[in-house]
Amino acid sequence: MISETPDVIAATGQASMVDRLYDSVMNIYRNHTFRVTIQAIITVWAVITFTFFLIRLMPGNPIDVLVEQIMVAEGIPYQDAYDRVAASFDFDPDASAIDQYFDWFSDVLRLDLGTSITSPGTRVVDEIARFLPWTLFAVGTGLLVSFVLGIVLGMMMAYYRNSPLDHILSLFASFMTGIPNYIWGLLIVIVLGIQFNLFNVGALRGTYDVSTTPGFNLPFIKSAFEHAFLPIVTYVVSTLGGWMLNMKSSTMSVLNDDYVNVAEARGLKDSRIITAYVGRNAALPLFTQLTISIGFVLGSGVVIEEIFVYWGLGHYLFASITTRDYTSMQGVFVILVITVVFANLIADLTYGFLDPRVRVSGQK
Amino acid sequence: MSEPIMRLEGIYRSFRTGRTLIPVLQDINLDINELEFLCLVGESGCGKTTTGKILAGLLPPSSGNIYYQGRNVRDLRGGDRREYRRSVQLIHQDPYASLNPTQTIFDMISFPLLHHKLVSGQKGARKRAAELLELVDLTPVEDILDKYPHQLSGGQRQRVSIARALTTNPSVIVADESVSMVDVSIRIGLLQMLMNLREELGVTIVFITHDLALAKYFAWDGRIGVMYLGRMVEVGKTQELIRDPQHPYTRVLLSAIPEPDPEKTRTKRHIQLRSEDIPRLTELPPGCSFHPRCPWFVEGVCDKSVPQLGIPASSNSSVEVACFPVQEGEKLQLYET
Amino acid sequence: MNKRTLLTIAMVVAVALLAFAPLQAQDGAVLNVAWPYTVPPTGHFNTFAANGMVLGQYQDLHEPPLAVLLWASGEYEGMAADSFGWDADGNYVVTLVDGVTWSDGSAMTADDLMATFNLFRLRGDAVWASLTGIEKVDDMTVKFVMDAPSSLAERLILITNLRPASVYGDLADRAAMLEPGDEWDALLAELTEFRPEVPVSGGPYKIDPASITEANLMMDLNPGGFASDIQNFDQVRVWNGETEVVTPLVANEELWYITHGIPPTTEEAFSSQGIDIVRSGMNNGPGLYVNFAVYPLNLVEVRQAIAYAIDREQNGFVSLGESGVAVEYMDGMSDGLSEAWLSDETLDSLNTYSYDPDKATELLTSVGFSKNDDGVWVDDQGNTLSFELTFPQEFADWSAAAENVTAQLNDFGFDITARGVPFQQHPQEVYDGNFQMAIRNWGLGDPIPARSYLEAYNRYNGQGEVAGEAGSVGIGFDNNVSYSGGEINVFDVSNESAQGVDHDVQAALVTELAVSYNELLPAIPLWERYTNNALNRNFLSLPDVSDPTFANFGGGADNWMTYFILTGQVAPAS
Amino acid sequence: MSFISSIFSGIWSFLKRISKNKAGFLGFIGLVIYFFVTFIMPSFVEFDDEANLDEITGPIGSRIVLAVNVDDADRYHTLEDLAGKTVGVVTQTGGPTFIEPYEDTLTVEEFSWSSRREGPGIQAALVALANKEIDAMLIFSKSVTEFIDNQEDPELRQLFEDNIVISNPTLGPSHLLGTDTQGRDIASHIVHGGRLLILTAVLGGLISTAIALVLGSLAALFGGVLDNVLTAITNLILAIPRFPLLVVLAGLISFDNTLFLGVLIGLLGWPALMRAIRAQVLSLRERDFVEAAQSLGLSTGHIMMREILPNMISFVAINLIFSITFAMYEQIGLVVLGLAPISDYTWGVMLYFGRTRGTLFNADGASMALSPVLAIALFQVCLVLFARALEEVFDPRLRSAV
Amino acid sequence: MNQKMNDDVVLRVDDLSIVYRTKRGNVQATTDISFDLKRGEAMALIGESGSGKTTVSLSLIRKLPKNALVTKGQVLYQREGNVRDVLKLSKRQLREFRWKDCAMVFQGSQNAFNPVLKIRKQFEDTARAHGWTDKEAVRQRALELLRLVRLDPERVYEAYPHELSGGMKQRTLLALGVLLNPQVVILDEPTTALDILTQRAIIDVLNDMQKKLNFSIIFISHDLSLAAEMADIVATVYAGEIVEIGPVNDIFYDPQHPYTHGLLTSVPKLDHEQDLLTSIKGAPPNLITPPSGCKFHPRCPYVTEKCSVDGPPLAGDKPEHLAACWHKDALLKAREELAQEVAQ
């Protein structure tokens, strides 16, 4: 043994403390939940910062838009309208975007998305709170229905592969995925609503029937479903095919897996094999896609909600864009990005509960 | 003995998956002599394939030196380096994965020929390709050349990949489990063809396998290296090693292998391990990595430091072994099964 | 019976009650109209700020206007104003009608008028460009002080909708004492963010805040409010939404009158259903603007040739059906204004540029242009007449007009490429002079002719102080023009013509403007937009379409519908 | 075997294989038809950009109606039949210009048609027709016939029923898909409106696929920092809801060119595919034959182009098609919202106009919106069917059985 | 055809012929396969890949792929004097038959367990499917069996499949296989892809279990050594036919078929001598268009014209050792020559 001088011991002792600190920090960072959460937060920050500046760069400004509206409605000259509008806006088109960004961002940290530009005094958070539930309702119901339906039909296709049923459902699925969702929406309106007059497109506009009182009561819930019906049908029709085909291929690969064979050889009942052995395993990869599609469907809601005049977040976003209400636009983006990123995060973190294989390492 | 054609010196290699570091190879030292038959034997995960890839220059070692014809590969630059890469060829285990399904046999043989300007023009390439196919007993050549891999049988494919490896006139061929996926009845033919290449082309062949019997057959006049969990535990002349295995692991292996002879295999004595679980590479035990399973484990010795390869003092053979008790000349008693 | 059973029964009853509650019939007559509004929390009851519950033309129903101009006669009819007129000093004096109370119980007095105008001042409304002050003469009378009388100031005063001092008085009083500065700005911000808790109405109807939903809101009869005693309806239901929302409601006969511009296709569907389409002039429409910096568009002959080469009737019809009425006199005003302000000789002398390709060819040939082998015109400098025509693509009628203009001009031998531009951005491109040809609006929905010229001479021509756009290039038309009547500055003349109260003086100036415009064509008006309001007379009884009031502007102020309501002429159809 | 001939034999065997998949073959045939209609036919069919007010079968409310005296019912069917006759024209806004092409051969008498339901104009015209003062009457509104049908004045009704026949209510040349609000032939617009749209979509698809291919390959082949950076960027872009981002970008860049829109869509469309390609290259890179090529000293370029790429080509091709459908989806989505250039008359723009000009909600005018909707929908379906067939054709499990 | 079955025969395969219908044609996967399996006996089917041995094993529990067609033959099981043809069982009977009468341990048991269910659940599922619902009893039985296969029973029973190593999974599957006391256990390549030391453990466990539970084993392997160690009876399968069948010692020391002999001489031993090995020339035949006569004739060193015309019958001097070859004599002679060569 070489005897060490006190100096050396002190130095190594210190170093090991630093090391330990570093190690403990790294250990926290290595914690999967912590790491992916941090990554998600950074992603959200980066994306909303990016979109902030992007949005400010858009040509046109909210004042001009409102001026135009007032001129048309009231027949007053441009200059009068401009003076009037500019006076009632606390919006300065020439303000530095950087300054605005820091103001805005510090507000966001306080969970405040600012006030609407075109409606001074109205908090964007309140507006989003008004529109978002309807979109979540329609998109959520639509995705849920199509997911469940897609899983069932997809499994049927896999079980009866190469049968006429499979061929018909495949063709059907290709049709459904092939046609863009807003085209579905238009087809529903034009063909079913107008040509065949199966339902009153006009009466189904908006989010609920005005004669009802919002709250937990039957007529309101009924009317909410009625009004959301066409958007939901569109969401279902446009996403169902994807689930079916994914579920089919997923099921087919699971059917080739040994454990299904073994389960059959073990004499298990078909119902047990289909649910616990085939269905559960085949549906696993679809859950990740479900979260991805939430983002996609929310994003495409802009067109769908415009077509059906369904007053959800997409409608609000479109209105904000056309009126160049930057803070509102930005607010919607923040919500959308957070939804998408955190949906993925939640999927990532909860996947372990669905699939024990990733539970231990916390990673696929 | 003349200068070894290749030499591995203190090779370490680890892989990173996610945030964990897996030490796949640790301190591998190996000489490969010109024209010798050398077999690397071990179970899956012992690092034999990684060793093969490092030899063939397909993987850089994490540390350590590789010498090719006496020159450190790390110092080779430009043409020399390419020359080295071409001179050491690897033949993969899976004849289905090692041939590009989108290319014809002629394509895959002619690409390196033309790329390295070993022949001139399509005609030359075709002629040379035919020669190579004949060399690996693939006839009729003209039938084979324009076929796609999926039109060939497993044995034929493996011959094609050998022919492809020969395009660059290698001096060393590393055959990684090259017959294990081929039907039993034609394995020997393939192996014999490989052995003949040494005679015909002067190629040194390193044969990697998990099958000791096959290794014995192949390297009867050569050497066998036994690997366990990333380390070389025993290296020596085949005949000596088979007759008198030194390392406990080698002994356990030899005792565990069933043999194609009912009486012999049923009367064979099996050495019982202390534990049947193989440690994970990420959680290697301290000291000799075989010690948790080793029937001859000596507490305080085997679990303290890692034994190095060496010829036991008492031994009269040339077999090098990495085991403290053996090196110290202890006579190991076989346990009864 | 245990607790749970009781609870279950209670819940069932509650649900049943809730389920049937909305089915209770609403008694009394309801007038169904429509205007897009913003639902709270975005929407609110501050009618000075954006997104306030103004309800457009139906503002008249809860915040009565002082007077309504009857366009056909050019006379003002007093509403909240009992009497009004110029005094000897050239100031304007308005006396309110007596006995009207706001829905919060306060009486409608001169204080309300003072509050309204003080806040207009704070807000920077145009009327204050003419006013130097306001004075309360007595409880019901206010004097509007100004340097010189002008018919513009009169109009701006009289179309004002009264706001209650009980709500805005505090802010107004503070505003009255301020001059522009930081405090002013702060007060302005306070005004825009001011949110009255309840709407206070002084008109025949008042908004029921509890009834506001995404779909519609109810206005209840407001006893004591202006004209409330002559109403034939107990309630007004204002449906929310833009055209695509209200169209089906009209078809379902749930909605009886809309001011929304509807596509001609809908019009056809409506009229086949027996719904009337009411057309009244808007005094404006799309025009073809050219960039005077682009040769040879700055040549008057070329602009005239373009005017001849376009079949404006066709253009109007494809764009807006029967509501796209070709402009006849081509003098920068609507034809209605032209007929009202110009003498017959002047009208006769105006070139109507009726569709005449030969004339156009002649004009172009006269300046040395010729057609090349491809049938495309080549100017005297050897360049083909290739231009880009931009238009705001979101406006369905303008985009159709642009398409059709392009097709027609190309047919004539121009080489025009049309390009749609987002509507938010299109004016900017014109301000910046970053265009060759553009479809923008001409005219203004205002009975004062001078104001029709603001678009061409001011807004799009970088004149005056268009806020934020000062120094813009615009179309690059020289406002100092020389025409058959002499040399004038058209911008100055148009300003001048709105001053004073002498109709003859004004008419002479307007004639200068009209004739010079007609000769020089700073822009080429295509057609005038007429409303195509759907009016279902199966449910509504109101004067026949021959009533002169229908000549009133179909947009904001002076609207005939609110006029009929305020005067008690609208009733449920028997 | 030469490269070219192997391409041809590849195409041939591909056609043979795709024809085995019925749906895929259908899609393929559909695409061929689409190619013919949108790329070949425009040379033969003229783009109808001239407003023809007497040919509006669409919704503008002026479908032309020819009323003739019962005695002449079999004599007049088209405008040409009216040469030299006295014809009453009942319009509100218009004058004789509406029938300008025939103006030389007609003597026209004008009646005004007021917006009021009981306008004197139509009544006077009907009387004139019944009295044979004029030979025929042109009415530029379908609602007029309904007005006559709904006529409560028994005298007028009788007058009409006894004396007048509505002859051939759709005058003028026939239009396969009817005409739009300006009387222009929708079929010609469909023929002309596809090429640019498809080219733009293909451009967008190609660009995003190319970017995905290059970046994915680079990330996978070189790994390390480059991989990390590219992956991070990809994840960031994926976090932005794509369609709203496009909406903002479309407003920001404010294109004046449809193809440019394709470029933008392409520039944004690569991240998801890049991930997939990266994963593909990563897995292919680990394949033994790639290692063998490395060992044989073949260059990285050779390895990428000859060893890896051919094995991904089906994957890339299928994803290219999906990228194309997606690019088309986004392009038309933007147009429908009015956020993309509408200067070029594509199906998307037709749809936009169909929507903004109110034909969506009018059963008679639906052709204007429905035609492009169906053109787009069927095209997309063809693409998807074709791509799915490709997936099956290229499925290695199936191929090994061939 | 002998329908009478001795009491000690648990399984009889009788003239079993199976065809796979594929796009390229019909594949004659097995032709006239017949054998008896006695109680407590271990039988090995030896052959190369594609020889049809897996088809035979799958047909024993009627788990053939959909495109397979049994053209001829029967698979008879005898339990307590009842003889049943598996190929004629109803769907329900079949389900009950599987695992209770005949369990099958598939090749590559790495994926034999549903990854999302605990081992416990999978034991319980199996038990419940056969009407055994007492979870505690299942647990006791399972723990006992897991102990028998030398696993830590408590830990493994509550584990997810991915928490077990390959060898552990294989042993767990063996335990699951005998959960319901089957009389026949089919093992498809039971040790392939396992490490030598793990293989050894599996072999030992199997021998132990068979001794204790007295079931019969059919195992399928290309590994002659495994057959030598474990089997009582060995059948060599070539091109869908059994070409030789007999007691293990007879097969290894006295092979009567050139193919069996060829296999034996192509496998190196761990002797302390160098082996004299030879490959069988050629490659296994294509079963869509199999060779005429004896299917081995194209590869056989002793081939005569007769071989390509007539297929030799499965016959032999001893009733328990049969081989299908016309030229057993020639083979015997060659073997003697070889023995001499080795001796030198």
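In this predicted model, helix H6 (residues 124–159) of chain A packs against helix H9 (residues 218–255) of chain A at an angle of about 35°, and their axes lie 4 Å apart. H6(A) passes H9(A) in a right-handed crossing. A second topic is the interface of chain E and chain B, where about 3800 Å² is buried between the two chains.

**Helix packing in chain A**
- Two packed helices are described by the angle between their axes and the distance between the axes.
- For H6(A) and H9(A), these values are about 35° and 4 Å.
- The residues of the contact of H6(A) with H9(A) comprise 28 nonpolar, 7 polar and 1 charged.

**Extent of the interface of chain E and chain B**
- The contact involves 42 residues of chain E and 41 residues of chain B.
- Carbon and sulfur atoms account for 56% of the buried area of about 3800 Å².
- In chain E, the residues that lose the most area to chain B are E:Ile196, E:Leu197 and E:Leu270, together 21% of what that side buries.

- Between chain E and chain B, 20 residue pairs are in polar contact, both residues being at pLDDT 80 or more.

**The side of chain E that touches chain B**
- Helix H6 (166–177), helix H7 (196–213), helix H8 (224–230) and helix H9 (248–253) of chain E are the elements that each give two or more residues to this side.
- H8(E) gives the most, with 6 residues.
- By class, this side of chain E has 20 nonpolar, 10 polar and 12 charged residues.

Methods. Residues are numbered from 1 along each chain as its sequence is written. Chains are lettered from A and ligands numbered from 1 in the order in which they are written. This is a predicted model: local features need pLDDT of at least 70, side-chain atom pairs count only at pLDDT 80 or more; totals for chains, interfaces and linings use all residues. Side-chain values use heavy atoms; hydrogens and water are left out. Contact means heavy atoms within 4.5 Å. Buried area is the accessible area (1.4 Å probe) that two parts lose on being put together, summed over both. A polar contact is a pair of N or O atoms within 3.5 Å; within protein, one must be able to donate a hydrogen and the other to accept it, and residues adjacent in sequence count only if both atoms are side-chain atoms. Ala, Val, Leu, Ile, Met, Phe, Trp, Tyr, Cys and Pro count as nonpolar, Asp, Glu, Lys and Arg as charged, and the others, Gly among them, as polar. Axes are lines fitted to C-alpha atoms, for helices over the stretch in contact, and angles run from 0 to 180 degrees between N-to-C directions. A crossing is left-handed if the near helix is turned anticlockwise from the far one by less than a right angle, and right-handed if clockwise.
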